[in-house]
Amino acid sequence: MDDLERLADDIRRADTVVALTGAGISAPSGVPTFRGDDGVWDRFDEGQFAYGRFQRDPAGFWDDRVDLQRELFGDDPDPNAAHEALAAMGRAGALEAICTQNTDGLHGVAADTVTAEAAEPATATTTILELHGNAQRVRCQDCGSRRDSEPILERAAAGDLPPTCDCGGVFKPDVVLFGEQLPGAAIQRARSLARESDVFLAIGSSLSVQPAASLPRQAAETGATVGIVNLDSTPCDSLADIVYREDVTTVLPRLRELVAE
């Protein structure tokens with residue numbers, strides 16, 4: 001039995017399996033990473049996308065945000081095989097929750113796609129915690145209403161700066177900007193899930209950004225089997241039971257197959 005087979009066996013026997021995902025799971029879909037070789041911040045000034053700038057100069061913020069959004073999602077990325085594998089595992093009752101650092105919304109799209117294509121009813125519902133928010137939505141700063149981002153981006157691109165809600169409030173991308181704290185309820189739920197997990201999977205994350213990076217350590221401290229799938233080494237490799245430095249679109253579908261056996 002190899003490492004992946006042992007991990008699949010642990011998942012089959014587990015009561016609670018939790019996954020943490022980072023930029024590496026969406027890169028194969030064409031979503032560029034922010035840092036590293038050819039990262040987005042090599043082409044944009046990250047300081048222009050801070051919450052303080054949004055508050056001081058919402059019109060200028062939105063003018064720049066249009067370009068950033070097009071850079072990130074201009075090719076309308078689709079979920080890849082790794083997203084689909086996690087969605088299928090969740091639908092089969094083998095994955096309790098996905099805690100994602102990504103703002104692309106692809107886990108939700110994958111879940112909807114797998115459900116729509118399935119021949120049988122789902123046996124479970126997977127919680128998706130978007131720790132940094134979702135860039136496919138905007139939120140009014142006054143009334144709190146949320147809308148799809150695309151029509152608002154189109155308004156901003158046409159010169160409607162800053163784009164405002166019917167109530168008069170300014171829309172903000174429904175993401176955590178520099179200078180903002182992560183939603184307290186989401187990170188507390190993620191920490192609880194990590195502590196409760198029997199198996200914790202860290203997928204496509206450098207595990208260098210807190211507080212999400214602390215989740216594998218919390219899982220390990222409470223006795224969970226920790227598996228890491230990432231092309232590069234991470235600060236948590238030494239505490240993991242299984243480490244795969246391979247393409248997530250290869251490892252995750254294979255893991256899904258093994259779990260289903």
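Welcome to a two-domain interface where the salt-bridge rule (a side-chain nitrogen of Lys or Arg within 4 Å of a carboxyl oxygen of Asp or Glu) finds one salt bridge between domain 1 and domain 2. This is a predicted model, in which local features need pLDDT of at least 70 and side-chain atom pairs count only at pLDDT 80 or more, while totals for chains, interfaces and linings use all residues. Residues are numbered from 1 along each chain as its sequence is written, and side-chain values use heavy atoms, with hydrogens and water left out.

**Domains**
- Domain 1 covers 1-29 + 79-132 + 183-260 and domain 2 covers 32-76 + 137-175, with bounds from an automatic or database domain assignment.
- Their C-alpha centres are 28 Å apart.

**Interface**
- Six residues of domain 1 touch four residues of domain 2, where contact means heavy atoms within 4.5 Å.
- Between them the two domains bury about 380 Å², with 64% of it on carbon and sulfur atoms; this is the accessible area (1.4 Å probe) lost on putting the two parts together, summed over both.
- Glu-130 and Arg-137 join their side chains in a salt bridge, at 3.5 Å from N to O.

**Cavities**
- The whole structure holds two cavities of 30 Å³ or more, a cavity being a set of points on a 1 Å grid over the protein atoms alone where a 1.4 Å probe fits but cannot get out.
- The largest cavity has about 70 Å³ of space, taking volume as the space filled by probe spheres set on the points, which are joined across faces, edges and corners.
- Its lining residues (an atom within 4 Å of a point) include Leu-4, Leu-7, Ile-203, Gly-227, Tyr-244 and Leu-255.

How values were computed:
On a 1 Å grid over the protein atoms alone, a cavity is a set of points where a 1.4 Å probe fits but cannot get out, and a pocket is an open set with protein on both sides within 12 Å along at least five of seven lines; lining residues have an atom within 4 Å of a point.
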